[in-house]
Structure formats: structure tokens, C-alpha cells
Amino acid sequence: MSVGLGLPIGDPAQLLSWARRAEATPFTTLALLDRLVFDNPEPLITLATLAGATSRIRLQTEVLLAPLHRTTLLAKQAATLDLLSGSRFTLGIGIGGRDDDYLAAGVDLRTRGRRLDRQLATLRRLWSGAPLSADVGPIGPAPARPGGPEVLFGGFVPAVVERVARWGDGFLGAALPAPHMDGMFRAVETAWSRAGRTGRPRLLAQVNVALGPEPTLDRAREELRAYYRPSDYTDHVVKGLLTTAAQIRAAVAAYRAIGADEVMLYCWSPDPDQVERLAEAVFPVP
């Protein structure tokens, strides 16, 4: 089973160091979250920069809030990143739920699910090389991966499961312990079979992590709390931060046991030394 690394957003200037150091470890993927009304770096631009600084490790949005983006431009951006990275790009997609992001983008929060479904049909059509419409031709470049970059969907509602089965290559689950994630994984597999898809969906789980001395962990908790902003759910997420190597190894093993293809360790400390600390925690020394 693969283990990936979620990139922190507290110090964007350090992300090139994170990427170069992660390239030298067994981590398989670098992922970056998406918000509009926040201090995080824009994910597609950032991952394109990291693609040029790496040659092996995969690059993933986790997850891009697709309804905030113009569909045709997103199709071009994703295809370009897939092409220039040598097919190392995974487009993780979600819809989010924060009013301010949608207000800033001028998009109706209430129709985000329907908008996403329309976007997916257009993305797949454009990535196949078909014209946009009778009046507008194809929008290239062609992605390196036939049919477009790998697409994962994140979320916990039934519509997400159905989107994986209809449009996606897999599912990304976050913030659920393995026993609860097991139910989501099985629901995705069932929907996949019901839709007549061949093969099997990729199944990913994500956990929030940080390792190091107490000041490092305090900074990680502050970053996590600021991102999720004060609420009862925020306290739950902050308390769920894994802060020891034993906790992280146990979580990886638990997700492996329910069939996860990859576990993403989303780190909330911006210190680049986290790369080696986390690698030492999860990868056995030969």
C-alpha cells in the first residue's frame, strides 16, 4: 500500500523544499488542499511548480473545489499539468461548503452539486479531444493520460459515491476512522459494480498528522484550528490530530486492513523536517 504526504499551508515558501525532500523518500504522492478565502496557495499553480522540481512523486489536489472554477479553463489547466508532469497528476475534486468561498467566486452555494455534475461531463468530453459545442472547437492540449488525469472525489454524501461510479477513478475519504471509512469504501465499490465499471475504484484515506516537540505540535494545532475555524467540529478535528509515530503507524495499518490503496498523511506543521520524521514513522528501515 502507498503512503502519500499532504502539504502544509502555513508557509508556502517552504513547499519546494518539502517536494524535493519528499522525492528522496518512499512517499508516493504530494497533495494540496483548496480554499479561496484563506491564506493557502492556489493548488494548481503550486503543484505545477512542484512538478518542475520533482520527477517521480505524484501530485494531487485534495480536494479542488471545482464549482469555484470556470470549467473550460479548469479542463485546460488540468490537462496541461498532467502533460507537463508526465501523467503524475491526480485531480481530487470536492464541492466544499463554506459560504465565503462561493460568495467570493460569485457562484451559488445551493447549486454547487448540480454545477459539478455539469462540469464533469464537460471535462471528460474536452479531455477526450471532442469539441466543446457545435460552435466551439476542442480545447487542448491533450493530457498525457488518455481520457484525462486520474479523478478522485472526496466527501461523505451519497452523491459523492455515485459521482465516483459515473465519472471518477476513485474515492478519497478524510477524517473518518477506519471502521467508519470501511462503510464508505464498500459503498463506493457497490456503486462502481452497479454502474457496470470494470476493474475497481482506487480507495484513499486521509489523516491529519504532525510529529515533533510540543511547540511544533502547538503550531500544527493552531493551523488546523484556523483552517476549520471555531465550531464543535473544529474541536473534534483538532483532537483527532495524530502526533506520535505509533498512532500514525496504527492508522495506516487500519486503513490497509479495509482495502485502502493509499493513505495520505496530511501534515499541519510547516517545518520541512516533518518529511523525514514522517517517513521514519511509516517506512521500515531495511
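Modeller: Contact, as used here, means heavy atoms within 4.5 Å. This is a predicted model, in which local features need pLDDT of at least 70 and side-chain atom pairs count only at pLDDT 80 or more, while totals for chains, interfaces and linings use all residues. Residues are numbered from 1 along each chain as its sequence is written, and side-chain values use heavy atoms, with hydrogens and water left out.

Colleague: Is E223 buried or exposed?

Modeller: E223 sits in helix 8, residues 214–228 (helices are DSSP runs of H or I with at least four residues, numbered from the N terminus). Its relative accessible area is 16%, and buried means under 20%, exposed over 50% and partly exposed in between, with a 1.4 Å probe and protein chains only. E223 is therefore buried.

Colleague: Which residues does E223 contact, leaving aside its neighbours within four places in sequence?

Modeller: With those neighbours set aside, the residues in contact with E223 are G10 and W268. W268 is also listed among the residues with the most contacts inside the largest nonpolar core (a set of buried Ala, Val, Leu, Ile, Met, Phe, Trp, Tyr and Cys residues joined through side-chain atoms within 4.5 Å). For E223, the partners asked for are G10 and W268.

Colleague: Which helix gives the largest share of this core?

Modeller: The largest nonpolar core has 79 residues, and those with the most contacts inside it include F27, I248, L265 and V282. Leaving aside neighbours within four places in sequence, L265 is itself in contact with F27, I248 and V282, among others. The largest share of the core, seven residues, comes from helix 7.

Colleague: How many residues make up the second, separate core?

Modeller: Among the members of that second core are A31, V63, L152 and M264. Its total number of residues is six.

Note on methods: Helices (H or I, at least four residues) and strands (E, at least two) are DSSP runs, numbered from the N terminus.
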